[in-house]
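Please read the following report alongside the sequence and the coordinates.

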Amino acid sequence: MLQYLAILVLLTSALGDQQQGLVLVKSDDDDTNDDKVKVAPNTEQFDEEDLEVFQPSSEWQSIKPGQSIPAGLHVRMNLQTGQKEAKLMEGDDGTKFKNNMDSEKKFITIDKNVISKQRLKEALKDFRDKFHDESANGEHSDQSHGSLTGGKTFRSIDEIRKELEGVDLFLKKDIEEITKHVEILNTSSSSLAEKEHALDELEYYVHQIDNARDLDTIGGLSLVIKFMNSSQESLRTRACYVLGSAVQSNLMVQQSALKQGALPLLLRLLSKHEPMAVRKKAMYALSSLIRLFLVGQKEFLKLNGLEMFVKLFNEANTEPLVIKAITLMTDILTEQIEYVTSLLRKQGQDVSGDISGRVPLLKSMIEKGWCQLIPSLLHTTENDTREKVLQALHVMVTGCKSEFQKAHIQNSLKKLKLEWLKDARGSEASDSSEYAGILAQLVTDLMSKLT
């Protein structure tokens with residue numbers, strides 16, 4: 001029913017830039033009783049011939065009023081006649097114009113269909129009725145209106161509240177989650193799986209400094225330390241992991257953990273009677289507890305922590321723990337040597353000599369035989385282990401120079417240097433050859449300190 005209206009819309013859009021609109025005129029040659037009208041352009045403004053398409057050529061031609069011209073022409077205003085003129089662009093023989101017309105047709109031929117007046121009225125009426133009676137999804141608008149007015153579309157606030165009852169719509173704060181997991185750990189009826197999950201969740205939260213402090217404030221830290229003494233291996237492992245993450249670079253929590261007796265418990269968990277999983281997490285927690293914490297480092301020496309580490313050297317299948325222990329001692333030695341050197345310089349004292357007696361950890365390491373233990377690991381085949389051993393030798397050379405100058409250690413260093421120089425000079429450049437060059441330079445620097 002809308003085909004006639006579509007014709008009107010098409011005609012209007014096609015001629016919108018040429019005329020004011022369309023009019024319906026009565027046909028004079030229609031003798032029938034069926035009152036009919038013709039669709040025609042508004043003749044009050046322009047003649048029909050004015051709407052013909054402008055045909056350009058290489059000569060200037062006048063553009064008639066209201067006449068459309070295609071794109072790509074040279075247009076000018078003739079100052080003598082006052083008319084607009086157009087022609088093809090220079091160098092265009094008409095091919096470009098023809099191609100533009102074929103690919104981008106901008107004009108339509110008006111088909112002057114004769115439309116029945118009665119049928120046009122019916123089409124417009126049908127269009128108006130459907131517009132008012134149909135909703136967007138095709139359903140009758142009366143039904144939609146009824147559903148709106150009947151209150152079936154919108155629910156009351158009480159209905160919404162009842163439906164959302166029990167649903168957690170808001171994110172909980174970290175302290176709320178931490179408190180919840182601490183309560184699980186503090187409840188005797190909690191299952192092993194629930195406690196394991198609670199410790200896993202706490203380890204995630206306590207990486208943030210404030211969360212770790214909150215854990216301590218609500219008593220959760222003491223509970224975690226208690227679980228380090230649990231009879232369940234899984235709980236001991238997870239408790240050490242939580243403690244290590246909580247105290248890492250967090251002075252307030254380090255102090256609190258030290259006061260609550262975490263350090264001696266961690267040293268006990270490093271013993272050979274514990275499973276390797278527990279020992280690794282205990283080493284992680286111990287490293288986090290005493291790094292950048294001078295009071296903790298002194299307590300570590302007082303509790304014979306170095307002796308515990310020496311036992312690791314003499315135990316089979318403990319290389320991962322030994323490497324972690326060497327790395328920890330190297331880091332702490334670096335901290336203490338830098339602190340002592342800075343202090344002596346401020347006091348105007350000479351720092352070029354042997355300062356090992358003023359560095360507590362280095363002094364203890366020399367006494368416990370570490371100058372002999374560390375070089376013994378140079379025979380390993382793992383480059384990562386060798387690198388950590390060389391870094392330890394660099395830091396300890398101040399107090400162990402005479403020991404490192406012994407022939408067997410010198411021979412080991414020369415052998416490593418030749419091996420890495422050969423790898424570094426390989427025919428193909430790669431990351432491994434670059435790494436070998438770095439290790440060779442590390443040996444060279446160490447040997448220069450020993451001369």
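The report below describes the whole chain, then a sheet, then ring interactions, and lastly selected residues.

This is a predicted model, in which local features need pLDDT of at least 70 and side-chain atom pairs count only at pLDDT 80 or more, while totals for chains, interfaces and linings use all residues. Residues are numbered from 1 along each chain as its sequence is written, and side-chain values use heavy atoms, with hydrogens and water left out.

**Overall composition**

The protein contains 21 helices and six strands, where helices (H or I, at least four residues) and strands (E, at least two) are DSSP runs numbered from the N terminus. Of its 451 residues, 37% are buried; buried means under 20% relative accessible area, exposed means over 50%, and partly exposed lies in between (1.4 Å probe, protein chains only). If one takes the contacts (heavy atoms within 4.5 Å) between residues at least 6 apart in sequence, 61% join residues at least 24 apart.

**The three-stranded sheet**

Three strands form an open sheet in the order E3-E5-E4, with antiparallel pairing; two strands pair if DSSP finds at least two bridges between them. Strand E3 (61-62) and strand E4 (74-77) are the edge strands, each pairing on one side only. Between E4 and strand E5 (residues 84-87) there are four bridges in the antiparallel sense; among them, Val-75 has Ala-86 as its bridge partner in E5, and His-74 has Lys-87. E4 and E5 form a hairpin with six residues between them, and Gly-82 in the turn has a positive phi of about 80 degrees.

**Aromatic rings and charges**

There are four aromatic pairs in the structure, and the table gives two of them. Rings of Phe, Tyr and Trp (its six-membered ring) pair if their centres lie within 6.5 Å, and planes under 30 degrees apart count as stacked, over 60 as edge-to-face and the rest as tilted.

| Pair | Centre to centre | Angle between planes | Class |
|---|---|---|---|
| Tyr-204 and Tyr-205 | 5.1 Å | 75 degrees | edge-to-face |
| Phe-313 and Trp-370 | 5.3 Å | 80 degrees | edge-to-face |

Phe-313 belongs to helix H15 (residues 305-313) and Trp-370 to helix H18 (residues 370-373), so their pair ties together parts that are 57 residues apart in sequence. Both Phe-313 and Trp-370 are buried. In the other tabulated pair, Tyr-204 counts as exposed because its relative accessibility is 59%, whereas Tyr-205 counts as buried because its relative accessibility is 12%.

Charged groups also sit over rings, a term used if NZ of Lys or CZ of Arg is within 6 Å of the ring centre and within 35 degrees of the ring normal. The charged end of Arg-76 is placed in this way over the ring of Trp-60, 4.1 Å from its centre, and the charged end of Lys-281 over the ring of Tyr-241, 3.8 Å from its centre.

**Selected helix residues**

Ser-234 is located in helix H10 (residues 233-247) and counts as buried at 19% relative accessibility. Its side chain is joined to that of Glu-196 by a polar contact of 2.6 Å, the term denoting a pair of N or O atoms within 3.5 Å; within protein, one must be able to donate a hydrogen and the other to accept it, and residues adjacent in sequence count only if both atoms are side-chain atoms.

Thr-385 lies in helix H19 (residues 383-404) and is buried, with a relative accessible area of 7%. Leaving aside neighbours within four places in sequence, Thr-385 is in contact with Glu-319, Ile-323 and Thr-380.

Phe-300, in helix H14 (residues 294-302), is buried with a relative accessible area of 2%. With neighbours within four places in sequence again left aside, the contacts of Phe-300 include Leu-263, Leu-267, Phe-309 and Met-329. Phe-300 and Leu-267 are 33 residues apart in sequence and 8.9 Å apart in space, C-alpha to C-alpha.

Most residues other than glycine have a negative phi. Leu-292, which is not a glycine, has a positive phi of about 55 degrees; Leu-292 lies in the loop between helix H13 (276-290) and H14 and is exposed, with a relative accessible area of 60%. Asn-304 likewise has a positive phi, near 60 degrees; Asn-304 lies in the loop between H14 and H15 and counts as partly exposed at 43% relative accessibility.
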